[in-house]
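These are my notebook entries on one structure. I set out to look up its ligand surroundings, its salt bridges and its surface.

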Amino acid sequence: MSAVVKAIQDRRSIRAYTTKKVEEEKLNQVLEAGRMAPTANNLQNIRFIVVKDQETRNKMVDFAGAQGFLKDAPVVLVGFGEPGDPMRCGEQAYTVDVSITLSYMMLTATELGLGTCWLANFDESKIKEILNIPSNMQVVAMSPLGYAAESPEQRSRKSLEQIVSFDKYSD
Ligand SMILES: Cc1cc2nc3c(=O)[nH]c(=O)nc-3n(C[C@H](O)[C@H](O)[C@H](O)COP(=O)(O)O)c2cc1C
């Protein structure tokens, strides 16, 4: 099995973390993987804040659905970008770009033995305020990054037949 496929298979949303620090080298590898992600027109409309400060993470929890594991994980990755004209397909490039980038980071984290969890349950304006993110930017997603204190079973998925059709749409 390739390393990428293994990371895809092994990744779980981790909602319990030890307080063990993330080694700088591992953190850099995670961030580097994100830097190499594809983006629309290679414009790289992506920004990330690596939140390590405990007090800041404590504040963020209050505006992130009281998901307490944000306080425990030693790092929180916050991904954001600048809304602009939609692409021809109708989607905003920054949401797609940031999502791909964070996905690359999450898979690399898995390979390095680190846990992550995509988070969308947060008050975007409050998170922006806490982190001094300019008002013209939009936060897309956050994820804790750290050593897992749980090892969940693989969660269920629809079958391929339910999500894929060939040549034309079919129910
Ligand atoms: C767009 C998106 C938003 C999510 N928001 C949250 C969230 O706010 N809190 C949370 O605990 N998990 C969140 N998740 C994680 C999902 O619940 C999780 O990916 C799903 O249940 C499948 O589990 P798995 O990641 O372990 O395979 C989110 C995932 C995605 C992709």
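Is S13 buried or exposed? I found S13 to be buried, because its relative accessibility is 17%; buried means under 20% relative accessible area, exposed over 50%, and partly exposed in between, with a 1.4 Å probe and protein chains only.

Basis of the entries. I worked on a predicted model, in which local features need pLDDT of at least 70, side-chain atom pairs count only at pLDDT 80 or more, and totals for chains, interfaces and linings use all residues. Residues are numbered from 1 along each chain as its sequence is written, and side-chain values use heavy atoms, with hydrogens and water left out.

Entry on S13. I located S13 in the loop between α1 (3-10) and α2 (24-35); helices (H or I, at least four residues) and strands (E, at least two) are DSSP runs, numbered from the N terminus. I then listed its contacts (heavy atoms within 4.5 Å). Leaving aside neighbours within four places in sequence, S13 touches T116, C117, E150, P152 and R155.

Entry on the ligand. Which residues are around the ligand? I noted R11, R12, S13, R15, Q67, C117, W118, L119, A120, N121, R155 and R157, where a residue counts as near if one of its heavy atoms lies within 4 Å. A polar side-chain atom of S13 is 2.6 Å from a ligand oxygen atom. For R155, an N or O atom of the side chain is 2.5 Å from an oxygen atom of the ligand. A120 takes part through a backbone N or O atom, 3.2 Å from a ligand oxygen atom. The ligand has 630 Å² of accessible area on its own, and the protein covers 63% of that area; accessible areas come from the Shrake-Rupley method with a 1.4 Å probe, and for residues only the protein chains shown count as cover.

Entry on salt bridges. Side chains of opposite charge can pair when their charged atoms come close. I counted a salt bridge where a side-chain nitrogen of Lys or Arg is within 4 Å of a carboxyl oxygen of Asp or Glu. How many salt bridges are there by this rule? The count is four, and I recorded details for some of them.

K52 pairs with E24, the closest N and O atoms being 2.5 Å apart. K52 is in the loop between β1 (47-51) and α3 (54-62) and E24 is in helix α2, so this pair ties together parts that are 28 residues apart in sequence. K52 is partly exposed at 39%, and E24 is partly exposed at 44%.

E32 forms a salt bridge with R35, with 3.1 Å between the closest N and O atoms. E32 and R35 are separated by about one helical turn, because they are three residues apart in helix α2. I noted E32 as partly exposed at 37% and R35 as exposed at 53%.

E124 and K128 meet in a salt bridge at 3.4 Å, N to O. Both lie in helix α6 (residues 124-131), four residues apart, about one turn of the helix. E124 is buried at 17%, and K128 is buried at 12%.

Entry on the surface. I found a nonpolar patch formed by L160, I163, V164 and F166, with about 470 Å² of accessible area together. Patches are made of residues with over 30% relative accessible area and no salt bridge, like charges being joined within 9 Å and nonpolar side chains (Val, Leu, Ile, Met, Phe, Trp, Tyr) within 5 Å. L160 belongs to helix α7 (residues 160-163) and is exposed, with a relative accessible area of 59%.

Key:
Polar contact = N/O pair within 3.5 Å; in protein donor to acceptor, adjacent residues only side chain to side chain.
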